[in-house]
Amino acid sequence: MAESIDAVSLDMEKIYLGGKEHFIRTGCGSVSVIVYGDQDKPALITYPDLALNHMSCFQGLFFCPEAASLLLHNFCIYHISPPGHELGAASISVDDPVPSADDLADQILEVLNFFGLGAVMCMGVTAGAYILSLFAVGSPSTLMKYRERVLGLILVSPLCRAPSWTEWFYNKVISNMLYFYGMCGLLKECLLQRYFSKEVCGSAEVPESDIVQACRKLLEERQSSNVWRFLQAINRRPDITEGLKSLRCRTLIFVGDSSPFHSEALHMTSKLDRRYSALVEVQACGSMVTEEQPHAMLIPMEYFFMGYGLYRPCHFSESPRSPLSPSCISPELLSPESMGLKLKPIKTRVSLGL
């Protein structure tokens with residue numbers, strides 16, 4: 001990890017397909033950020049779920065050609081990893097304090113300030129979706145702390161409440177396995193069930209899918225002590241439901257109907273202002289829609305970005321410099337009172353045929 005107060009930028013093009021990794025020293029330790037694209041473009045930051053990084057949580061989405069063209073044409077991507085979750089990470093010292101969820105949200109601000117970013121688009125999955133939502137609304141004692149820094153939220157199987165007793169107990173079991181046994185086989189199975197539906201996890205008769213096998217291999221590289229630290233923060237997270245009621249940035253929520261966090265996503269949607277939010281339920285899919293069915297995210301994201309004047313490359317030739325221009329679409333889609341016809345705040349099901 002970097003020892004100085006400045007970031008250490010490492011050229012990792014061969015590993016990251018054109019991206020560069022930066023280690024940024026923050027108030028609660030170093031954090032890895034992989035940057036893809038033209039930094040003059042609007043920024044989109046991502047934050048993965050527990051025990052994952054951008055390779056295991058967002059690779060499927062960015063390897064989907066249509067989605068990649070939409071995102072990379074309009075944004076510079078900043079993949080933020082939870083502390084110690086980046087590829088090749090060493091174990092964080094036991095002397096370092098375990099960060100809280102608020103600490104991780106504050107860390108995002110330090111990342112934005114380091115890169116000189118203003119308001120950004122945010123995309124997160126489950127635990128990562130919670131951290132980004134917390135960044136947008138603040139904790140109960142500091143509501144709307146960084147509201148002006150968030151343009152919009154794309155949340156996949158998000159959380160907003162404090163853990164239920166069932167989740168708390170399950171997380172404690174996972175925590176104990178991490179602490180005493182490390183990234184053992186049983187723990188990996190528990191995590192894979194958290195991420196994916198039964199359809200891709202396989203059974204005695206049906207082999208598990210390639211994406212599950214790839215995720216399993218990537219989990220083997222995680223330092224169990226670092227995953228344990230992130231889990232402690234998530235298992236002690238505050239309830240941010242009240243803050244959602246006054247959130248004014250546009251929010252697009254995806255959730256698989258087989259996700260263990262399906263009810264949490266529905267609860268969060270019910271607390272958001274219907275003028276600024278939309279829910280997309282994906283059939284036969286688990287929590288990690290970005291990997292299991294990334295194609296299902298394309299059309300909703302296209303309509304979502306239209307509200308900011310952003311399009312896929314085929315619609316215009318020059319990359320936008322501002323997330324609020326050009327304004328060559330119908331006025332009602334740009335209106336803050338409307339998300340557009342395709343993003344009305346109703347339960348929407350996306351079939352496997354998309």
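User: Why does A284 count as partly exposed rather than buried or exposed?

Analyst: Happy to walk through that one. This is a predicted model, and in it A284 has a relative accessibility of 24%. Buried means under 20% and exposed means over 50%, so A284, at 24%, counts as partly exposed. A284 sits in the loop between β9 (277-282) and α14 (289-292).

User: How do you know whether A51 is buried or exposed?

Analyst: The relative accessible area of A51 is 0%. The cut-off for buried is under 20%, so A51 is buried.

User: Why is helix α15 said to be largely enclosed by the rest of the structure?

Analyst: Because 7 of the 9 residues of α15 (residues 298-306) are buried. The buried ones are L298, P300, M301, E302, F304, F305 and M306.

User: What makes M301 and F305 stand out in the largest nonpolar core?

Analyst: That core holds 105 residues, and Y195, M301 and F305 touch the most other members. The largest share of this core, 9 residues, is supplied by α6. Leaving aside residues up to four places away in sequence, F305 touches L70, L71, F75, M121, I154 and L310.

User: How do you know that helix α6 is mostly covered?

Analyst: Count its buried residues: 11 of the 11 in α6 (residues 127-137) are buried. Among them are Y130, I131, L132, L134 and F135. Just after α6 comes G138, with a positive phi of about 80°.

User: Which helices supply the lining of the largest pocket?

Analyst: α7 (165-181), α8 (185-195) and α13 (262-271) each supply at least two lining residues. The largest share, 4 residues, comes from α7. The pocket holds about 310 Å³ of space.

User: What makes a residue part of that lining, and which residues are they?

Analyst: A lining residue has an atom within 4 Å of a point of the pocket. The residues that line the largest pocket are S164, T166, E167, Y170, N171, C190, Q193, R194, P260, F261, S263 and E264. By class, the lining has 4 nonpolar, 5 polar and 3 charged residues.

User: And for the chain overall, how many helices and strands are there, and what share of residues is buried?

Analyst: There are 16 helices and 10 strands in the chain. Of its 354 residues, 58% count as buried. As for contacts in the chain with a separation of 6 or more, residues 24 or more positions apart account for 78% of them.

Conventions:
Residues are numbered from 1 along each chain as its sequence is written. This is a predicted model: local features need pLDDT of at least 70, side-chain atom pairs count only at pLDDT 80 or more; totals for chains, interfaces and linings use all residues. Side-chain values use heavy atoms; hydrogens and water are left out. On a 1 Å grid over the protein atoms alone, a cavity is a set of points where a 1.4 Å probe fits but cannot get out, and a pocket is an open set with protein on both sides within 12 Å along at least five of seven lines; lining residues have an atom within 4 Å of a point. Grid points are joined across faces, edges and corners, and a volume is the space filled by probe spheres set on the points. Ala, Val, Leu, Ile, Met, Phe, Trp, Tyr, Cys and Pro count as nonpolar, Asp, Glu, Lys and Arg as charged, and the others, Gly among them, as polar. Buried means under 20% relative accessible area, exposed over 50%, partly exposed in between (1.4 Å probe, protein chains only). A nonpolar core is a set of buried Ala, Val, Leu, Ile, Met, Phe, Trp, Tyr and Cys residues joined through side-chain atoms within 4.5 Å. Contact means heavy atoms within 4.5 Å.
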